[in-house]
Amino acid sequence: MSLHQLYLDLLIGGLVLLASIVGTRVATRIGFPSLLFFLLVGVVLGEDGLGLEFDNVELARNVCTAALAVILVEGGLTTRFADVRKVLAPAGAMATVGVVISTAVTAVGAHVLLRMDWQLALLLGAIVSSTDAAAVFSVLRVLPLPRRVAGLLEAESGFNDAPAVILVLMFSVVPFVFEPKSAAVQIVYELLAGSAIGLLCGFLGAMALRRVALPASGLYPIATFGIGLVAFAASGTVHASGFIAAYLAAVVLANSGLPHRSATRSFAEGLGWLAQIGLFVLLGLLVNPSELLDDLVPAIVVGLVLLLVARPLSVVGSLVGFGIPWRERAFLSWAGLRGAVPVVLATFPIVEGVPDSYRLLNIVFVLVVVFTLVQGPSLRPVAHLLGLISREATREIQVEAAPLDVLDAELLTMKVQPGSRLRNVTILELRLPDPAVVTLIIRQGNTFVPLPDTRIESDDELMIVTTSKTRALTESRIRAVSRRGKLAYWFDEYGDAG
């Protein structure tokens, strides 16, 4: 590639990225799912649109797999363990037993209704059995669902990619031979080994980041995200599930009280959006709209089987004994959103050389587009109908923890010495420059928030929050009052240093 060609490719890539970002805003305002917009961008750029040729399925699979890892790390870093702790068992059941049930029912439907051979039918069932993490996370950010329902959807979408990938790889063997006993052993190994590696990387990474003082605050988000990717790659090298390892490592890191959490979360969301844009645009390039018409009816048939039969049975079957109310089960059945994951998984059998597997890509692509348009906008009305959220419900207040340097603020601490003229001065009389404020006073081991008429006493420890711009003025005012009392300016005392 020449340097000129590199500049041209970067220019096109940058323009596509900016167009996708701007288009996301427009799509959101009109209620159009952003993932479909990104797919549309790829289709427009492809052979049937502007003529950009791209048919390297293996490259698309590898790039999209890495993008899925990024999306799962981002999902883990934005997951609060308090929201999913109580639903880990049912979510785990939905992500394993539910995936198996959904795969089996969908495969039977495809074999009976579409006359597919068993290998393609099982592949199709496994490909569409996993809910999409990116789609679920985006919905949860705007839909005020009960915590248990939101936690179940969130944890399930983070966990169920791993079993789906394992099943797809098993069914992609040529010639096709399926041994249930060895398959069960392999699934258990990959899930347990991936979980152990993810948790280990998360705990070790959290311990290291607490003890290492990095030279710049911007390195903490990069290091945190890097640990999640290390967990993904390490699991893959020992043939364990990298997807579950990446998600669990990120969850551990996000809930370990690490510094710069707000910056880390913003960095992760930005990378997650970048991964989604690249993934969907690339998948859109793979598909030619002129070839989709023949698979429109099969895609709708499989989608209906999945939505109306396989997904409800998987939810009911996997949640037996957990005491989940029927209304919540009904919503979980309807909210099994599909997105990037099934389309990416559809590239696996193509790379492995499974006969007629390119047809699966077209079926899955049409299924994702059609049923995202149906399910996405309907989630809020369905939740209202089932009584899970009221008409007046608003989004949960988001409480963020941010380091002071991000807010351009500084925390000053001082102790009132016995001979200081600060003694007996009220907070109001202290007259700190705006926006400096005394936030806490520690007096004889007791901590309290001062009122305007609270008087300062000897040996008090004051905690003062100010901005970087007013820090010098705040320190000067405190020194002046300490030297000459509340009327310090009348005595030409302005608290000069030294």
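Which residues of α9 are buried?

1. The model is predicted, and the points below should be read with that in mind.

2. The buried residues of helix α9 are Asp161, Ala162, Pro163, Ala164, Val165, Ile166, Leu167, Val168, Met170 and Phe171. The helix spans residues 161-171 and is mostly covered, with 10 of its 11 residues buried.

3. Arg311 is part of helix α14, which covers residues 296-318. Its relative accessibility is 4%, so Arg311 counts as buried, the cut-off for that class being under 20%.

4. The surroundings of Arg311 can be listed by residue. Apart from neighbours within four places in sequence, Arg311 is in contact with Met94, Thr131, Leu153, Glu156, Leu306, Leu332, Ser333, Gly336 and Arg338. Among these partners are a glutamate, Glu156, and another arginine, Arg338.

5. Four strands form an open sheet, in the order β1-β4-β2-β3, and their pairing is antiparallel. The edge strands are β1 (409-415) and β3 (446-448), each of which pairs on one side only. From one strand to the next, the twist averages 20°. As background, strands of a sheet pair through backbone hydrogen bonds, in either a parallel or an antiparallel manner.

6. Strand β2 takes in residues 437-443 and is joined to β3 by 3 bridges, the two running antiparallel.

How values were computed: Residues numbered from 1 in each chain as written. Predicted model: local features only at pLDDT ≥ 70, side-chain atom pairs only at ≥ 80, totals over all residues. Heavy atoms only, no water. Buried < 20%, exposed > 50% of the residue type's maximum accessible area, 1.4 Å probe, protein only. Contact = heavy atoms within 4.5 Å. Pairing = 2+ DSSP bridges. Axes fitted to C-alpha atoms, helices over the stretch in contact; angles between N-to-C directions.
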